[in-house]
Each structure stands twice: as structure tokens, then as C-alpha cells.
Amino acid sequence: MANKFKPIQTTAHGIKAFAFVMVTLMALGAGIFTYQSQQSDFETVNGQGYQWSKLQGQWTVINYFAPWCAPCLREMPELNAFSQNLPEDTLLFAINYDRQTSTQIIEMANKYTIEVPIIFASENTLLPMEKPPYLPATFIVGPEGKVVDTIMGEVSEQELRERIQQLKTEANKAA
């Protein structure tokens, strides 16, 4: 008679163990999901994190520059002016071509009056383009998160405005 009850106890114990394993796996999965959803694809020097998935629907302009690049420094006032009055649904970032510390980038931004938010380049920085072969280089990322235009060489505020308006018009016609 004692043997008849053992399978019931073993089954109850097995169900508890299975339930414990399932709850643990669900908690682990939720933790991983939460961790990944809080990770940034890129960060600005001031510590603001951004995820490309949350920028969908936005037009994003990314300008590669360097302090040793004279054309880059000549176009910076144009980019500053553009950043002061961005078109609707548009963001602008600069990124230093050479990796530097946050302190070095802040000092450089102050020295050259760079008012555009600067992306802190690290091994964890995820951008939808490769580092350009020469400077200055400006990339326009469309609302779907893909590069839709590349401007190699100096760019003016007016040229950026016109190009973004043209890309938006083309996108609306295609939709």
C-alpha cells in the first residue's frame, strides 16, 4: 500500500520542481529583456542615451568631424545654426572621428564652440553607417533607421534644410 502513494508524492514534487524552474526562467528572461531595453545604442558626451528603435519616425543627421579637419571646423557654425532650429521630426548629432575621453571632447567642444550634441564614440556605439574614409561627412538617417543620404565635404545649414525637405517629400510620395 505504501508504494501506491510514492508516485503521487513524486509527481507532486516533480510539479513543484517544474514550476520553480519555469518561474526562474521567466524571471531570468524578464531581467534580460529589461536590461536590453535599457541599453543605449549610443550616448552623447553629456550622458544622454539613445536607442535607434526609439528614434524610428525621426530623421537623424550625424556629422563626423575632427579638430584637425579645417573644413569640419568651418562648417561647425552652420551645424550649430541648424541645431538651433531643427526641422520637425529631425535630430542632429556630431561625432568626433577620433576616439577621445569625455573630458577631451568637452574641452574641444568649448574650444571650437560646438553646440551640437556630440556622440561619445566607444566600442559599444551602434550607428547605421561605417566610419567614413575622409572628413567632413554627414549622414542622414531616415525614419526607418537606415542611411538615406551621405554628404561628403562641407555642408551648410541651408543645404541640410533643403536636402532633408527633399528626402521628406520623396518619402511622402512613396508612402
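Read along the sequence, the protein chain follows the pattern α-β-β-β-α-β-α-β-β-β-α. This is a predicted model, in which local features need pLDDT of at least 70 and side-chain atom pairs count only at pLDDT 80 or more, while totals for chains, interfaces and linings use all residues. Residues are numbered from 1 along each chain as its sequence is written, and side-chain values use heavy atoms, with hydrogens and water left out.

Trainee: How many helices and strands does the protein chain have?

Mentor: Helices (H or I, at least four residues) and strands (E, at least two) are DSSP runs, numbered from the N terminus. On that basis, the secondary structure of the chain comes to 4 helices and 7 strands.

Trainee: What percentage of the 175 residues in the protein chain is buried?

Mentor: In soluble globular proteins, nonpolar side chains tend to be buried together. For the 175 residues of this chain, the buried share is 35%.

Trainee: Are Cys 69 and Cys 72 buried or exposed?

Mentor: A disulfide is a pair of cysteine sulfur atoms within 2.5 Å, and a search of the whole structure finds 1. It joins Cys 69 to Cys 72, with an S to S distance of 2.3 Å. The link of Cys 69 and Cys 72 is right-handed, with 75° about the S-S bond. Both Cys 69 and Cys 72 are buried.

Trainee: Which residues does Pro 67 touch, not counting residues up to four places away in sequence?

Mentor: Pro 67 is found in the loop between S3 and H2, and counts as partly exposed because its relative accessibility is 25%. Pro 67 and Lys 111 are 44 residues apart in sequence and 9.7 Å apart in space, C-alpha to C-alpha. With contact meaning heavy atoms within 4.5 Å, and residues up to four places away in sequence not counted, Pro 67 touches Leu 73, Asn 96, Met 108 and Tyr 112.

Trainee: Which residues does a cis peptide bond join?

Mentor: Most residues other than glycine have a negative phi, and most peptide bonds are trans. The cis bond here has an omega of about -10°, and its Pro 136 lies in the loop between S5 and S6. The residues joined are Leu 135 and Pro 136.

Trainee: What is the phi of Asp 89 near?

Mentor: Asp 89 is found in the loop between H2 and S4. Asp 89 counts as partly exposed because its relative accessible area is 38%. Its phi is a positive value in a residue other than glycine, near 60°.

Trainee: Where does Thr 113 lie?

Mentor: Thr 113 has a positive phi of about 50° although it is not a glycine. With a relative accessible area of 47%, Thr 113 is partly exposed. Thr 113 lies in the loop between H3 and S5.

Methods. Buried means under 20% relative accessible area, exposed over 50%, partly exposed in between (1.4 Å probe, protein chains only).
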